Amino acid sequence: DAERAAWELPSGTTIAHGLLTLALVPGLRQELLHVRNHGRALNYGQDRVRFPAPVPVGSRIRLRVRVESTSAHRDGVLVRLANTMEMEGSDKPAMVADSLTLVIG
């Protein structure tokens, strides 16, 4: 709603919802990270989700992923991935979140 954004948001422009940005992570991550020879991989949740900068509609974004840690879990291995959604032309990331994946078998 461009009219509402003009009077309600500091930038005066429409932005993408932070949760939409977070929802893009799994699809983009599949293009970056391939794990072979594992059993089931279950979404175990998200930690430390933050949205430091708004994403104006039409912005170009990209995902940076780093394996933060792996740890033994009673059901398998818990993998923590650090996800940073970067925005072209911005010094601040649009989104930062740690994803937790439980790999079984």
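**Close-up A. D47, at 27% relative accessibility, is partly exposed (buried is under 20% relative accessible area, exposed over 50%, and partly exposed in between, with a 1.4 Å probe and protein chains only).** The model is predicted, and local features therefore need pLDDT of at least 70 and side-chain atom pairs pLDDT 80 or more, whereas totals for chains, interfaces and linings use all residues. Residues are numbered from 1 along each chain as its sequence is written, and side-chain values use heavy atoms, with hydrogens and water left out. D47 pairs with R80 in a salt bridge whose closest N and O atoms are 3.0 Å apart (a side-chain nitrogen of Lys or Arg within 4 Å of a carboxyl oxygen of Asp or Glu). D47 belongs to strand β2 and R80 to strand β5, so this contact ties together parts that are 33 residues apart in sequence (strands are DSSP runs of E of at least two residues, helices runs of H or I of at least four, numbered from the N terminus). R80 is likewise partly exposed, at 22% relative accessibility.

**Close-up B. R80 also meets D98 in a salt bridge.** The N-to-O distance between the side chains of D98 and R80 is 3.2 Å. D98 sits in strand β6 and R80 in strand β5, and the pair links distant parts of the chain, 18 residues apart. D98 is buried, having a relative accessible area of 8%. Together, D47, R48, R80 and D98 are linked in a network of salt bridges. A search of the whole structure finds eight salt bridges.

**Close-up C. R48, a member of that salt-bridge network, has a positive phi of about 50°.** Most residues other than glycine have a negative phi. R48 is not a glycine, and its place is in strand β2. With 57% relative accessibility, R48 is exposed.

**Close-up D. The side chains of E88 and R60 meet in a salt bridge of 3.2 Å, N to O.** E88 occupies the loop between β5 and β6, and R60 the loop between β3 (55-56) and β4; the pair links distant parts of the chain, 28 residues apart. Both E88 and R60 are exposed.

**Close-up E. The largest pocket holds about 570 Å³ of space.** A pocket is an open set of points on a 1 Å grid over the protein atoms alone, where a 1.4 Å probe fits and protein lies on both sides within 12 Å along at least five of seven lines; lining residues have an atom within 4 Å of a point. Its volume is the space filled by probe spheres set on the points, which are joined across faces, edges and corners. The lining of the largest pocket comprises 22 residues, and those nearest its centre are R29, L33, A41, L81 and T101. Two or more lining residues come from each of α2 (18-23), α3 (25-32), β2 (40-50), β5 (76-87) and β6 (95-104). By class, the lining of the largest pocket has 13 nonpolar, seven polar and two charged residues (Ala, Val, Leu, Ile, Met, Phe, Trp, Tyr, Cys and Pro count as nonpolar, Asp, Glu, Lys and Arg as charged, and the others, Gly among them, as polar).

**Close-up F. About 180 Å³ of space lies in the second largest pocket.** This pocket is lined by 13 residues, with R60, R62, E86, M87 and E88 closest to its centre. Strands β4 (61-73) and β5 each contribute at least two residues to this lining. Seven charged residues line the second largest pocket, together with three polar and three nonpolar ones. R60 and E88, listed among the residues closest to the centre, are the partners of the salt bridge in Close-up D.

**Close-up G. L32, L33, V35 and V67 make a nonpolar surface patch of about 350 Å².** Such a patch joins nonpolar side chains (Val, Leu, Ile, Met, Phe, Trp, Tyr) within 5 Å, from residues with over 30% relative accessible area and no salt bridge; areas come from the Shrake-Rupley method with a 1.4 Å probe. V35 lies in the loop between α3 and β2 and is exposed, with a relative accessible area of 56%. L33, another member of the patch, is also one of the residues nearest the centre of the largest pocket.

**Close-up H. The C-alpha atoms of L63 and L32 are separated by 8.6 Å.** These two residues stand 31 residues apart along the chain. L63 is found in strand β4 and, at 10% relative accessibility, is buried.

**Close-up I. A2 and T13 have C-alpha atoms 6.5 Å apart.** Along the chain, A2 and T13 are eleven residues apart. A2 is part of helix α1 (residues 2-8), and its relative accessibility of 55% makes it exposed.

Key:
Patches are made of residues with over 30% relative accessible area and no salt bridge: like charges are joined within 9 Å, nonpolar side chains (Val, Leu, Ile, Met, Phe, Trp, Tyr) within 5 Å.
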